[in-house]
Amino acid sequence: MTNLAAAIAAGLARPFADESYNDIRKSMLSADEHVRTKNPRTAQAGGIAGGVLGTVPAVLAAPEAFGAGTASLLARMLAGGATGAAIGGADAGVRNGLAAIPEGLAWGGGLGAVMPGIGQLVGKGVGALAQRYGGPAISAAERMFGRAATADSALDMPPRLQALGDRAMPMDLGPNLQRQAGALAATPGEGQSIVRSAIAARDAAANARIAQGLGRELGPARVPSQIAEEIAANQRALGPAYEEAFQAARAVNAEPIANNLDAMAVRLRGDAQRAVQQVRRMLNVTGTDVLDPNPQTLFQTRNAIDGMMDGMTDGNAIRALTATRQQINRELERAVPGFRQVDARFAELARQNDALLRGQQALDSGRTAPRPAELQTEINNGALPQGDMLGPSAVPLRLRQGTRAEIDRIVGTNANDRVALQRLVKGEGDWNRDRLASLFGQSRADRIIAILDRERTFADTSGIVTRNSETAARAAAMQDIAPQKGGPGIVRSALNLRFGDTAADTVDKVIGGAKSAAQRASNTELARLLTSNDPAAIARKVQLVQAAQRRGDISAQKARELIQSMSVEAAKQRQVLPAR
């Protein structure tokens, strides 16, 4: 007992004793010295027990400094050794002089470095007991489920399951949960049936889910050829309007047009030269070199130019024919009253047909695909009426219809490969998302991508659980859930008159059968957890698991702190023992 401790104790005892304060203090010091001299081991044990109570608050205040924190074992051993050496050396110097400091450093450092390892072992045992018996019990299946969810950082699984939709299951949320499901799927029993049936049922409904989701966001898909035929029928319906306009037509002057074509024929070569020469001949009265003044002839020449340009790839020829067509249009508008108004309606329908084709290229990845900015410009310009048309154009509608039809085609040809489907529609970068946003709006584009991302997640889970081997990972997971087998050889032992072995084997069979039944029941429970479609029920299970883990973690930490406190005080008390 130190002088300071004796002084405090004497002050507390004075009101209850007849002796003076000094007499009480001297008596306490004398008794303490007698105990240390006659029973040094008892004195040391009492000193350690009392010292630990004084050391615990310091360890609680700074567990990392004493090697009792949550760092790696090596870091805690180094910290514990350093702190123990410092305390042991200082205490030895105070108690026994400078010569005792090296021994104090050695004892304090050694105990401080060793105890974190012992504390970790003790802490694990205490933590496991706290998890099992410290509160509402959780089953073996719930513990395995909780370990996998913790490893996958998926303890927030209820909102994540809700984000994936009503067909999501906990096994979708990480590789460890998927491997548990894969191990169950490879192990005969009810658990296997539950996992495989859940996967098969979800996969079977994938095509319908995708079609319903896209239909909900984009509306029904129409066949492009049917839309194109409707546009063509509307163009044909303008025939009477053209006929009516031509009834009041005047003669056309095709000479400027012919002169321009002759000049281009001299200048151009190849396909472009042949194209302008062909158009030049169309301007003449058939079988002569005389220009035809009939406006119908000029109109049919324009229609022939449209046919020639359909599918043409030569840039010079396209530019020459486009300029000629514009020149013909101006002459027809001059000579045919009302032609401009009827032609504007025809041109609007032609723009719609072009937009339908362009929409089917919107999600392409080749050179024909528009950049997001280009597509947005096409949409903006397409909505503006041209010529004598009034009101917004239907070009943006046809662009959306073309893209919707292309998405339907991609789904139809890749429905059984959800990974390819997601890649084709979503694309490798952000372009497809941006193009979908331009066509259908940002929120709708995000929902379309979410539908495909969700189905890809489901497809990945299906592949890992039911088809991928993942031999090493699955074998490791199966060690947790494989049924236990009883010892074989009962009949053979009995026939060999080895009745002790027979009895042992029989007991093993009984115990092994009970373990196997318990393991099968645990597998069934784990399978139901992994395939649950009820976020509320999963939330309750996660809360139980988290509570058990917290109990275990806290108890393990307290055990480590107590062990480290004992090491510190043991190093100090080593200096109190008399030398032998």
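1. Ground rules. This is a predicted model, where local features need pLDDT of at least 70, side-chain atom pairs count only at pLDDT 80 or more, and totals for chains, interfaces and linings use all residues. Residues are numbered from 1 along each chain as its sequence is written, and side-chain values use heavy atoms, with hydrogens and water left out.

2. The whole chain. The protein chain has 26 helices and zero strands; both are DSSP runs numbered from the N terminus, helices being H or I with at least four residues and strands E with at least two. Of its 580 residues, 39% are buried. Here buried stands for under 20% relative accessible area, exposed for over 50%, and partly exposed for in between, with a 1.4 Å probe and protein chains only. The chain exposes about 30,300 Å², and carbon and sulfur atoms supply 56% of that; the areas come from the Shrake-Rupley method with a 1.4 Å probe, and for residues only the protein chains shown count as cover. Take the contacts (heavy atoms within 4.5 Å) between residues at least 6 apart in sequence: 70% of them join residues at least 24 apart.

3. Helix α8. Eight of the eleven residues of α8 (residues 175–185) are buried, so this helix is largely enclosed by the rest of the structure. The buried ones are L177, Q178, Q180, A181, G182, A183, L184 and A185.

4. α8 against α9. Two packed helices are described by the angle between their axes and the distance between the axes. For α8 and α9 (residues 190–204), the angle is about 120 degrees and the axes are 7 Å apart. That makes the pair oblique. On the terms: axes are lines fitted to C-alpha atoms, for helices over the stretch in contact, and angles run from 0 to 180 degrees between N-to-C directions. Angles under 35 degrees count as roughly parallel, over 145 as roughly antiparallel, 65 to 115 as roughly perpendicular, and the rest as oblique. From α8, A181, L184 and A185 meet G191, Q192, V195 and R196 of α9. By class, this contact has four nonpolar, two polar and one charged residues. Nonpolar covers Ala, Val, Leu, Ile, Met, Phe, Trp, Tyr, Cys and Pro; charged covers Asp, Glu, Lys and Arg; the others, Gly among them, are polar.

5. α22 and its partner α10. How do α10 (residues 206–218) and α22 pack? Their angle is about 175 degrees, with the axes 10 Å apart. α10 is therefore roughly antiparallel to α22. On the α10 side, A206, R209, I210, G213, L214, E217 and L218 take part, meeting R444, R447, I448, I451, E455 and F458 in α22. Seven nonpolar, one polar and five charged residues make up this contact.

6. α22 and its partner α20. Helix α20 (residues 418–426) also packs on α22 (residues 442–467), at about 155 degrees with the axes 8 Å apart. These two are therefore roughly antiparallel as well. R418, V419, L421, Q422, V425 and K426 in α20 meet I449, L452, D453, E455, R456, F458, A459 and D460 in α22. The tally here is seven nonpolar, one polar and six charged. Notice that E455 and F458 turn up in the contact with α20 and in the one with α10.

7. A closer look at V419. This α20 residue counts as partly exposed, at 23% relative accessibility. Leaving aside neighbours within four places in sequence, V419 is in contact with R456, A459 and D460. V419 and D460 are 41 residues apart along the chain, and their C-alpha atoms are separated by 8.0 Å.

8. E243 sits in helix α12 (residues 239–246) and is partly exposed at 47%. Between E243 and F339 there are 9.6 Å, C-alpha to C-alpha, with 96 residues of sequence separation. E333, in helix α16 (residues 315–335), is partly exposed at 30%. Not counting residues up to four places away in sequence, E333 touches F339 and R340. The C-alpha atoms of E333 and V252 are separated by 10.0 Å, at 81 residues apart along the chain.

9. One backbone detail to check. Most residues other than glycine have a negative phi. What is the phi of S153? It is near 55 degrees, a positive value in a residue other than glycine. S153 lies in the loop between α6 (140–151) and α7 (157–164), and is exposed, with a relative accessible area of 56%.
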